Amino acid sequence: MDEIRLEHLLSDVLRPVEPPERMSTRLQNRFAAISEAAASDLSDWADELTESEMKSLRDPGNWVRPVVAVAAGGLATGALVVFEVRRRGRQRSSRLLDRLR
Amino acid sequence: MSDVEPETSGTTDAPPETKAEVDRGFEQLYRDHLRDVYSYCYYRVGNHHDAEDLTEQTFLQAYRHYARARRESDGRPLRPWLIRIAHNLAANFYRDRSRKPQTALDNIEPPAAKHSTEAVVEGRDELRAVMEHIQELPEERREALVMRFALGMDNREIARAMGKSDGATKVLLHRAIKQLQERLEEAGHG
């Protein structure tokens, strides 16, 4: 069997297959539903976000946490600096003592 | 379309597309290539039920990444990308369900050119033999033949869909046809 004849046979055997009509309709409906749901979710989400953001900004109860967090962070950093300075000081004095001996 | 990736990492200077534009583009892609994707899936799984399932999954996945694919395609056709999605999903389909592809014989009809009853029977036998031998080819070769003959894809498109170079694809197709030819000759269909 020559190659050209085989290619003709392959074209006959491997024909494009038409998708069933019901599938096409189902898929299109599904895309439309996803798209609509997403659009409405997005707009609800945007509205809710703005309102909740405004509310939390206005509420003084929510100001305490950031202030405490910043203060705790500052204290921790200060403690680390003090610790490091003392460590270096101890190293320096022990080196001096070694030299004197 | 919350699943669609946001238009934030553009690779071109073009302004970002609106959601409506992306949706319209996808709808066109779907209309243009539904038959291609379905045909590919059908020849991969061998039955209409699973082919429908796989086609649906392919388009749903494509829908999620469409905006990015369109940006990154630089105007090249997206059919290879769609077929690649279907290819990956089909691979998972077999792995997850431990299935084997079935022979897609429902589709075979004798060539239109034959007229006499004898010729029709002979033609049908020949086509059946071709189909059976296609099923026995290594998966990659079988897929390349499906893309070429059922979908009418050229070498470049097949290469993109399979993640190969143009040269490697040309060799793959050549070997697939050669192997099929040899098997048919061995089976007395010379």
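Predicted model: local features only at pLDDT ≥ 70, side-chain atom pairs only at ≥ 80, totals over all residues.
Helix 7 of chain B has 21 residues, and from its first C-alpha to its last it reaches 30 Å, close to the 30 Å expected at 1.5 Å a residue. Its buried residues are B:T169, B:L172, B:A176 and B:L180. Seen down the axis of helix 7 of chain B, these buried residues fall within an arc of 60°, so they line one face of the helix. After the helix comes B:G188, which has a positive phi, near 85°.

The next step is a packing partner within chain B. Helix 5 of chain B packs with helix 7 of chain B at an angle of about 100°, and their axes are 9 Å apart. Because angles of 65 to 115 degrees count as roughly perpendicular, helix 5 of chain B is roughly perpendicular to helix 7 of chain B. From helix 5 of chain B, the residues that take part are B:E140, B:R141, B:A144, B:L145 and B:R148; from helix 7 of chain B, they are B:T169, B:L172, B:L173, B:R175, B:A176 and B:Q179. By class, this contact has five nonpolar, two polar and four charged residues. Among the buried residues of helix 7 of chain B, B:T169, B:L172 and B:A176 also meet helix 5 of chain B.

Now to the other chain. Chain A has three helices and zero strands, and from the N terminus on its elements run α-α-α. Of the 101 residues in chain A, 8% are buried.

Between the chains, 35 residues of chain B are in contact with 24 residues of chain A. On the side of chain B that touches chain A, at least two residues each come from helix 1 (19-45), helix 2 (48-72), helix 4 (117-136), helix 5 (139-150) and helix 7 (166-186) of chain B. Helix 1 of chain B supplies the largest share of that side, seven residues. By class, the side of chain B that touches chain A has 20 nonpolar, eight polar and seven charged residues.

Definitions and conventions:
Residues numbered from 1 in each chain as written. Chains lettered and ligands numbered in written order. Contact = placed C-beta atoms within 7 Å. Helix = DSSP H or I, 4+ residues; strand = E, 2+ residues; numbered from the N terminus. Nonpolar A, V, L, I, M, F, W, Y, C, P; charged D, E, K, R; others polar. Axes fitted to C-alpha atoms, helices over the stretch in contact; angles between N-to-C directions. Parallel < 35°, antiparallel > 145°, perpendicular 65-115°, else oblique. Buried ≥ 20, exposed ≤ 12 C-beta atoms within 10 Å, placed from the backbone. Expected span 1.5 Å × (residues − 1). Arc of directions from axis to C-beta.
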